[in-house]
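This report considers selected residues and element pairings of the structure shown below.

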Amino acid sequence: EAALDGEPLELSRKEFDLLRTLMEDAGSVITREALIERVWDMNWFGSTKTLDVHVSGLRKKLGDDSSNPRYLHTVRGVGFRFASAAESEAP
């Protein structure tokens, strides 16, 4: 289960797996390749756009603004990073 501010999040299986993977290494950048390998399969031959679509869906469900994210940060040319606990606390 995943929740935000005490409210359950309705996530697909892949969204949940992606969120869990990012949160396990919160504060650290995870490469696109590593995310695809860990969430989908090391033999995945589909488009990496699949990852982008799932990240976009997660951002919407988390209420994150991609231009000023609170939780899910893009590291251009590398991958993604979930904010550390200190970073994601409300101001």
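## Residue T21 in its helix

In this predicted model, T21 is found in helix α1. T21 counts as buried because its relative accessibility is 3%, below the 20% limit for that class. With neighbours within four places in sequence left aside, T21 is in contact with I30, L35, R38 and V39.

## Packing of α1 against α2

Two packed helices are described by the angle between their axes and the distance between the axes. For helix α1 (residues 13-24) and helix α2 (residues 32-40), the axes come within 10 Å and cross at roughly 125 degrees. That angle makes α1 oblique to α2, since the roughly perpendicular class ends at 115 degrees and the roughly antiparallel class applies over 145. The crossing in which α1 passes α2 is right-handed.

On the α1 side, the residues that meet α2 are K14, D17, L18, T21, L22 and E24. Their counterparts in α2 are L35, R38, V39 and W40. By class, this contact of α1 with α2 comprises 5 nonpolar, 1 polar and 4 charged residues.

## Packing of α2 against α3

How do the axes of α2 and α3 cross? They come within 10 Å, at a crossing angle of roughly 80 degrees.

The α2 residues R32, L35, I36 and W40 meet T50, L51, D52 and H54 in α3. The residues of this contact divide into 4 nonpolar, 2 polar and 2 charged.

I36 lies in helix α2 and is buried, with a relative accessible area of 10%. I36 and L51 are 15 residues apart in sequence, and their C-alpha atoms are 7.1 Å apart in space.

## The aromatic pair

A pair of aromatic rings is described by the distance of the centres and the angle of the planes. With ring centres required to lie within 6.5 Å, the count comes to 1 aromatic pair. The rings of Y71 and F82 have centres 5.9 Å apart and planes at 20 degrees, so the pair is stacked.

Y71 lies in the loop between α3 (49-62) and β4 (72-75), whereas F82 belongs to strand β5 (residues 79-82), so the pair ties together parts that are 11 residues apart in sequence. Both Y71 and F82 are buried.

## A positive phi at D5

Most residues other than glycine have a negative phi. Phi of D5, however, is near 55 degrees, a positive value in a residue other than glycine. D5 is located in the loop between β1 (3-4) and β2 (7-8). Is D5 buried or exposed? Its relative accessible area is 69%, so D5 is exposed.

## The chain as a whole

The protein chain has 4 helices and 5 strands. From the N terminus on, these elements run β-β-α-β-α-α-β-β-α.

Of the 91 residues of the protein chain, 35% count as buried. Among contacts with a separation of 6 or more, 48% are accounted for by residues 24 or more positions apart.

Key
Residues numbered from 1 in each chain as written. Predicted model: local features only at pLDDT ≥ 70, side-chain atom pairs only at ≥ 80, totals over all residues. Heavy atoms only, no water. Axes fitted to C-alpha atoms, helices over the stretch in contact; angles between N-to-C directions. Helix = DSSP H or I, 4+ residues; strand = E, 2+ residues; numbered from the N terminus. Parallel < 35°, antiparallel > 145°, perpendicular 65-115°, else oblique. Left-handed = near helix turned anticlockwise from the far one by under 90°. Contact = heavy atoms within 4.5 Å. Nonpolar A, V, L, I, M, F, W, Y, C, P; charged D, E, K, R; others polar. Phe/Tyr/Trp six-rings, centres within 6.5 Å; stacked < 30°, edge-to-face > 60°. Buried < 20%, exposed > 50% of the residue type's maximum accessible area, 1.4 Å probe, protein only.
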